[in-house]
2 protein chains.
Amino acid sequence: MSLMTSASAIVAADKLGMDVAFENARKSYGEGGVPIGAALVYHGPGGEEPRVVGQGHNQRIQKSSPILHGEMAALENAGRLKSDVYRNSTMYTTLSPCSMCTGAILLYKIPRVVIGENVNFSKEEDLLRSRGVEVVVLEDERCTELMGRYIREKPEDWYEDIGETAV
Amino acid sequence: MSLMTSASAIVAADKLGMDVAFENARKSYGEGGVPIGAALVYHGPGGEEPRVVGQGHNQRIQKSSPILHGEMAALENAGRLKSDVYRNSTMYTTLSPCSMCTGAILLYKIPRVVIGENVNFSKEEDLLRSRGVEVVVLEDERCTELMGRYIREKPEDWYEDIGETAV
Ligand SMILES: [Ca+2]
Ligand SMILES: [Ca+2]
Ligand SMILES: [Zn+2]
Ligand SMILES: [Zn+2]
């Protein structure tokens with residue numbers, strides 16, 4: 001495989017993962033929920049065809065859940081997995097992960113996190129990197145725009161989601 | 001309130017919280033599940049009568065859930081709470097928290113964690129302390145014994161629960 005092909009393959013996988021994450025975010029927004037989506041994509045130890053093993057979105061509003069952030073919903077949707085699967089997967093998330101979702105990524109030793117945007121929220125990227133996780137920020141304007149709109153429209157729900165209070 | 005009364009009140013609250021956490025762990029064990037239980041206990045800003053606002057146990061086996069650890073199940077059971085409630089509560093857990101549950105405690109700025117035991121597992125107590133969380137380890141032998149028994153009986157389920165593989 002040439003270097004160019006390899007780089008293109010990585011870009012294609014990241015586009016797949018972020019597209020799935022963003023579609024979940026948009027679905028949540030359509031339901032009046034916090035518009036953060038995520039996808040867990042298995043790529044295997046040797047760069048196999050990427051496969052979405054879990055996807056989901058924030059469920060604070062829809063299920064009154066304080067733990068189903070986008071990344072957590074994607075992990076729950078994937079169900080019980082062998083440790084090897086996590087260790088050869090990438091977590092895609094439309095927004096930079098909070099402490100809880102960061103901890104879940106560390107628990108399962110997911111080696112790579114691809115973030116849609118970190119303009120509207122950024123908290124634990126340094127912790128992820130300090131534990132050896134590769135962190136990529138795409139600066140995806142679809143994600144920034146949708147999340148920014150929600151924060152303006154429903155600040156109370158958003159701040160509750162990160163353990164804060166809207167001022 | 002005298003110092004002695006105050007100290008006794010703290011001990012009584014911790015006994016309540018850990019008893020609830022342990023009952024949840026024992027219930028999970030009876031179901032064939034990972035025997036880790038937790039309780040979120042609200043004590044208010046001024047030392048009110050403690051009140052259990054959420055409780056639960058690990059649901060890996062029962063619900064095929066990779067995210068419902070004991071502490072997460074207690075948070076989910078409590079439902080949506082105002083940020084003030086978390087900030088005036090203690091999380092009780094029968095076993096020292098993993099990275100995911102540690103992250104959830106940090107997200108919601110729960111100021112105090114009381115741990116039944118850290119003999120069978122200990123991972124993120126330093127991270128909790130470094131972020132200003134008070135960590136108390138009770139060395140509760142009920143917790144150590146029950147968890148140790150489960151690890152001997154079902155090592156594959158236990159190691160899966162912490163993102164590892166039984167050897
Ligand atoms: Ca499933
Ligand atoms: Ca509830
Ligand atoms: Zn999160
Ligand atoms: Zn945990």
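## Basis of the description

Residues are numbered from 1 along each chain as its sequence is written, and chains are lettered from A and ligands numbered from 1 in the order in which they are written. Because the model is predicted, local features need pLDDT of at least 70 and side-chain atom pairs count only at pLDDT 80 or more, while totals for chains, interfaces and linings use all residues; side-chain values use heavy atoms, with hydrogens and water left out.

## The zinc site in chain A

The zinc ion (ligand 3) is coordinated at 2.0 to 2.3 Å by ND1 of His69(A) and by SG of Cys98(A) and of Cys101(A), where donors are N, O and S atoms within 2.8 Å of the metal (3.2 Å for Na, K and Ca) and, with water not among the atoms, sites may look incomplete. The spacing of these donor residues in sequence is H-x28-C-x2-C. His69(A) lies in the loop between helix H2 (60-63) and helix H3 (70-78), and Cys98(A) in the loop between strand S3 (89-95) and helix H5 (99-107), so the pair ties together parts of chain A that are 29 residues apart in sequence; helices (H or I, at least four residues) and strands (E, at least two) are DSSP runs numbered from the N terminus. Both His69(A) and Cys98(A) are buried, meaning under 20% relative accessible area with a 1.4 Å probe and protein chains only.

## Helices H3 and H5 of chain A

The axes of H3(A) and H5(A), which are lines fitted to C-alpha atoms over the stretch in contact, come within 8 Å and cross at roughly 35 degrees, on a scale from 0 to 180 degrees between N-to-C directions. Glu71(A), Met72(A) and Leu75(A) of H3(A) make the contact with Met100(A), Cys101(A) and Ala104(A) of H5(A), contact being heavy atoms within 4.5 Å.

Thr93(B), in strand S3 (residues 89-95) of chain B, counts as buried at 0% relative accessibility. The side chain of Thr93(B) makes a polar contact with that of Glu71(B) at 3.3 Å, a polar contact being a pair of N or O atoms within 3.5 Å, of which, within protein, one must be able to donate a hydrogen and the other to accept it, and residues adjacent in sequence count only if both atoms are side-chain atoms.

In helix H5 (residues 99-107) of chain B, 9 of the 9 residues are buried, so the helix is largely enclosed by the rest of the structure.

## The contact between the chains

Chain A and chain B each contribute 36 residues to the contact. The area buried between them is about 3100 Å², of which carbon and sulfur atoms give 51%, buried area being the accessible area (1.4 Å probe) lost on putting two parts together, summed over both.

Notes
Buried < 20%, exposed > 50% of the residue type's maximum accessible area, 1.4 Å probe, protein only.
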